[in-house]
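Hi everyone, thanks for coming. Let me put the sequence and the structure up on the screen, and then I'll walk you through a few local features.

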Amino acid sequence: MSDFLNDKDLNTLNHSCAHVLAQAVKHLYPQAKFWVGPVVEEGFYYDIDLGDQTISDDDLPKIEKEMKKICKDGKRIVRHEVSKEEALEEFKDDEYKLDLINGLEDGTITTYSQGDFTDLCRGPHVETVKLCKNFKLIKHSGAYWKGDKNNKVLQRIYGVCFPTKEELEAHLQLLEEAKERDHRRLGKELGIFMFADIVGKGLPMWLPNGFTVRRLLSDYIMNKELELGYEHVMTPSLGNVKLYKKSGHWAHYKDDMFPAMELDDEAYVLRPMNCPHHMVMYKSTLHSYRDLPVRIAEIANDFRFEASGALT
Ligand SMILES: [Zn+2]
């Protein structure tokens, strides 16, 4: 797959294309305000506030059409240096840009203009929007501003951009093939696992074929561990909250754990890790330094409270 993050030229091209996307969105939705447009593993995206409007699948071709127009028009991308005061004045009506500017160190700030569109950015960019013409918008989603679920949901649009048409087409072909290997599709078709709303979101049930795969994998792992001198143990999926207070999980990791269950005078929690149980097991007898290393292994279920969508 293409290395959008580490290939410097591809990175600059994709980031520049994110600005073309923003410019096109501004033409079509004059109320649009822009947060950030970084390059990520799968290409680029831009987070956009469209007021009350949301992006639908039908909107992407319209935005692509406007982007094509901008690329064809071929404006130069011009870098400007401004002071923090000037930047605050220039973007005074845009709370997102003000937030970004206020987070910057004092000193020179750069903005980039292409035709009728100016954006705050540290760059770098390609020289002209003409170079961004081999792009495709891939998908859209909602994204909380700054990733905080108490904040407003922005519209995130993803795309990819390549130096040549051939490279773009080859990449889109790979994406198509990846869809065919999507585990959610294969899981169903091959009888590996299933989900059911009545059981619960994100709770997979392994079907016979899937359990066979799981058994072969766990046999393989346990045999390897035996060869390496591990001894296998089994510990409960629950633990007293006191255990995780002692291990430090409670102080540092509580938000990623399921809430505790209050029972009698004690509180129990689904374990996020199995090592605290193993530490207690180790500590239950005396060990000479000659016994070390002590190798304990377990194929266990651990439980993490993850945001909806994190599983996919
Ligand atoms: Zn930029």
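Let's start with Asp 264, which sits in the loop between β13 (261–263) and β14 (266–270); helices here are DSSP runs of H or I with at least four residues, strands are runs of E with at least two, and both are numbered from the N terminus. Before going on, a word on what you're looking at: this is a predicted model, where local features need pLDDT of at least 70, side-chain atom pairs count only at pLDDT 80 or more, and totals for chains, interfaces and linings use all residues. Residues are numbered from 1 along each chain as its sequence is written, and side-chain values use heavy atoms, with hydrogens and water left out.

Asp 264 is not a glycine, yet its phi is positive, at about 50°. Is Asp 264 buried or exposed? With a relative accessible area of 82%, Asp 264 is exposed; the cut-offs are under 20% for buried, over 50% for exposed and partly exposed in between, using a 1.4 Å probe and protein chains only.

Lys 146 also has a positive phi without being glycine, near 60°. You'll find Lys 146 in the loop between β7 and β8 (153–161), and at 48% relative accessible area Lys 146 is partly exposed.

Why point these out? Most residues other than glycine have a negative phi, and most peptide bonds are trans.

Leu 292 and Pro 293 are joined by a cis bond, omega near -5°, and Pro 293 belongs to the loop between α10 (275–283) and β15 (296–297). Gly 123 to Pro 124 is cis as well, with omega about -5°, and Pro 124 is in the loop between β6 and β7.

Now, the metal. Which residues hold the zinc ion? The protein donors are His 15 (NE2), His 19 (NE2), Cys 121 (SG) and His 125 (NE2), at 1.9 to 2.1 Å. Donors are N, O and S atoms within 2.8 Å of the metal (3.2 Å for Na, K and Ca), and since water is not among the atoms, sites may look incomplete. In sequence, the spacing reads H-x3-H-x101-C-x3-H. His 19 is in helix α1 (residues 8–28) and His 125 in the loop between β6 (117–120) and β7 (135–144), so this pair ties together parts 106 residues apart in sequence. His 19 is buried at 3% relative accessible area, and His 125 also counts as buried, at 14%.

Thanks, happy to take questions!
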